[in-house]
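Work through the exercises below with the sequence and the coordinates at hand. Each task is followed by a stepwise solution.

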Amino acid sequence: MTIVKLSSKYQMVLPKEAREAMKVDRGAQLLVFVRGGVTVIMPKPDRYARALAGIARGLYPRDYLASERRSW
């Protein structure tokens, strides 16, 4: 685990181990999103649907979709 510090302009340096793990270089575009109390930083994907598939898993109870369908 590495600790980073925000500058006065709210900028931070992405640690080397993170850059290597994400396989990003200078000028790469990154996505930042917050889910609950967790902030996730990931490289901008070529295909959003594939990269974000399953991100909402566990958000609703298991029987939610079935109960919604029955209510129609």
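The model is predicted, so local features need pLDDT of at least 70 and side-chain atom pairs count only at pLDDT 80 or more, while totals for chains, interfaces and linings use all residues. Residues are numbered from 1 along each chain as its sequence is written, and side-chain values use heavy atoms, with hydrogens and water left out.

**Exercise 1.** List the elements of the protein in order from the N terminus, and state how its radius of gyration stands to the globule rule.

Solution. Step 1: the protein has 3 helices and 2 strands; these are DSSP runs, helices being H or I with at least four residues and strands E with at least two, numbered from the N terminus. Step 2: the order is α-β-β-α-α. Step 3: the radius of gyration is 18 Å, well over the 11 Å of the globule rule for 72 residues, so the protein is more spread out than a compact globule. The radius is taken over C-alpha atoms, and the rule is 2.2 Å times the number of residues to the power 0.38. Step 4: along the principal axes, the C-alpha atoms fill a box of roughly 50 × 25 × 25 Å.

**Exercise 2.** Describe how β1 and β2 pair.

Solution. Step 1: β1 covers residues 30–35, and β2 covers residues 38–43. Step 2: the two pair in the antiparallel sense over 6 bridges (pairing requires at least two DSSP bridges between the strands). Step 3: V34 has T39 in β2 as its bridge partner. Step 4: the strands form a hairpin with 2 residues between them, and G36 in the turn has a positive phi of about 65°.

**Exercise 3.** Identify the residues of the nonpolar surface patch.

Solution. Step 1: the patch consists of V4, L6, Y10, M12, L30, V32 and I41, with about 670 Å² of accessible area together. Step 2: L30 is in β1 and is partly exposed, at 34% relative accessible area.

How values were computed
Patches are made of residues with over 30% relative accessible area and no salt bridge: like charges are joined within 9 Å, nonpolar side chains (Val, Leu, Ile, Met, Phe, Trp, Tyr) within 5 Å. Accessible areas come from the Shrake-Rupley method with a 1.4 Å probe; for residues, only the protein chains shown count as cover. A salt bridge is a side-chain nitrogen of Lys or Arg within 4 Å of a carboxyl oxygen of Asp or Glu. Buried means under 20% relative accessible area, exposed over 50%, partly exposed in between (1.4 Å probe, protein chains only).
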